[in-house]
Amino acid sequence: MDNKNMEHLKELLKSKGLKMTTQRGLILESLSECPKHLTAEEIYELVCKKQPEIGIATVYRTLKLLTELGLIDTLDLDDGFVRYELAGTAGGGHHHHHLICISCGKVLEFKEDLMETLEERIESTTGFKVCDHEVKMYGYCQDCKQKQS
């Protein structure tokens with residue numbers, strides 16, 4: 001994670017009355033550096049490489065806190081595991097959606113937010129203000145699609 005993003009996360013924690021502890025920093029760093037969506041156990045394994053004395057209970061407590069603060073999001077990718085990723089606002093990024101291959105299980109991120117127009121239309125026609133959304137699309141990744149051809 002670059003210094004700019006880490007400083008942004010420190011400021012977010014500070015604005016909520018908390019400090020950036022070593023454990024919080026390592027967990028946020030692990031989430032920002034890994035290209036896939038991690039389970040708590042995978043985060044624990046990564047953090048243990050840098051701080052072997054950390055306990056799994058600390059990782060779970062920290063993930064719960066960071067989720068409650070809105071710094072990380074939990075994901076259900078229909079594989080039986082709760083997975084974690086930096087929240088779009090925490091990482092300074094854009095809301096994204098997930099494309100799940102029903103053949104190999106690969107998960108791709110789709111960063112274009114085409115839902116904004118739909119959310120605006122919903123609000124203008126119904127008065128309902130959408131605050132958040134989650135989109136998962138199922139299909140075949142490029143590799144699996146080619147294998148089927």
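**Entry 1: helix 5**

Of the 12 residues of helix 5, how many are buried? I looked this up before anything else. The number buried is one, so helix 5 lies largely in the open. Buried means under 20% relative accessible area, exposed means over 50%, and partly exposed is in between (1.4 Å probe, protein chains only).

I note that this is a predicted model, where local features need pLDDT of at least 70, side-chain atom pairs count only at pLDDT 80 or more, and totals for chains, interfaces and linings use all residues. Residues are numbered from 1 along each chain as its sequence is written, and side-chain values use heavy atoms, with hydrogens and water left out.

Helices (H or I, at least four residues) and strands (E, at least two) are DSSP runs, numbered from the N terminus. Helix 5 covers residues 115–126. I checked its length next. The expected span is 1.5 Å times one less than the number of residues. For helix 5 that should be 16 Å, and its end C-alpha atoms are 16 Å apart, which agrees. Just after helix 5, I found Gly-127 with a positive phi of about 85°.

**Entry 2: salt bridges**

Side chains of opposite charge can pair when their charged atoms come close. The term salt bridge here needs a side-chain nitrogen of Lys or Arg within 4 Å of a carboxyl oxygen of Asp or Glu. The structure holds 10 of them. I looked up three.

Lys-10 and Glu-7 meet at 3.5 Å, N to O. Both lie in helix 1 (residues 3–15), three residues apart, about one turn of the helix. Lys-10 is partly exposed at 34% relative accessibility. Glu-7 is partly exposed too, at 41%.

Asp-79 and Arg-83 meet at 2.8 Å, N to O. Asp-79 is partly exposed at 34%, whereas Arg-83 counts as buried at 13%.

Lys-106 and Asp-143 meet at 3.3 Å, N to O. Lys-106 sits in the loop between strand 4 (97–101) and strand 5 (107–110), and Asp-143 sits in helix 6 (residues 142–148), so the pair ties together parts that are 37 residues apart in sequence. I also noted a network: shared partners join Lys-36, Glu-42, Asp-79 and Arg-83 through salt bridges.

**Entry 3: the core**

Which residues touch the most other members of the largest nonpolar core? They are Ile-27, Leu-31, Ile-43, Leu-63, Leu-66, Ile-72 and Tyr-84, out of 20 residues. Helix 1, helix 2 (22–33), helix 3 (40–50), helix 4 (56–68) and strand 3 (82–86) each supply at least two residues of this core. A nonpolar core is a set of buried Ala, Val, Leu, Ile, Met, Phe, Trp, Tyr and Cys residues joined through side-chain atoms within 4.5 Å.

Contact means heavy atoms within 4.5 Å. Not counting residues up to four places away in sequence, Ile-27 touches Ile-43, Val-47, Val-59, Thr-62, Leu-63 and Leu-66.

Then I turned to Gln-51, in the loop between helix 3 and helix 4. Gln-51 counts as buried, at 13% relative accessibility. By the contact rule that leaves out residues up to four places away, Gln-51 touches Thr-22, Gln-23 and Leu-26.

Three strands form an open sheet in the order 5-4-6, with mixed pairing. Two strands pair if DSSP finds at least two bridges between them. Strand 5 and strand 6 (136–139) stand at the edges, each with a single partner strand, so one side of each has no neighbour in the sheet. Strand 4 and strand 6 pair in the parallel sense over four bridges. I picked out Leu-99, whose bridge partner in strand 6 is Met-137.
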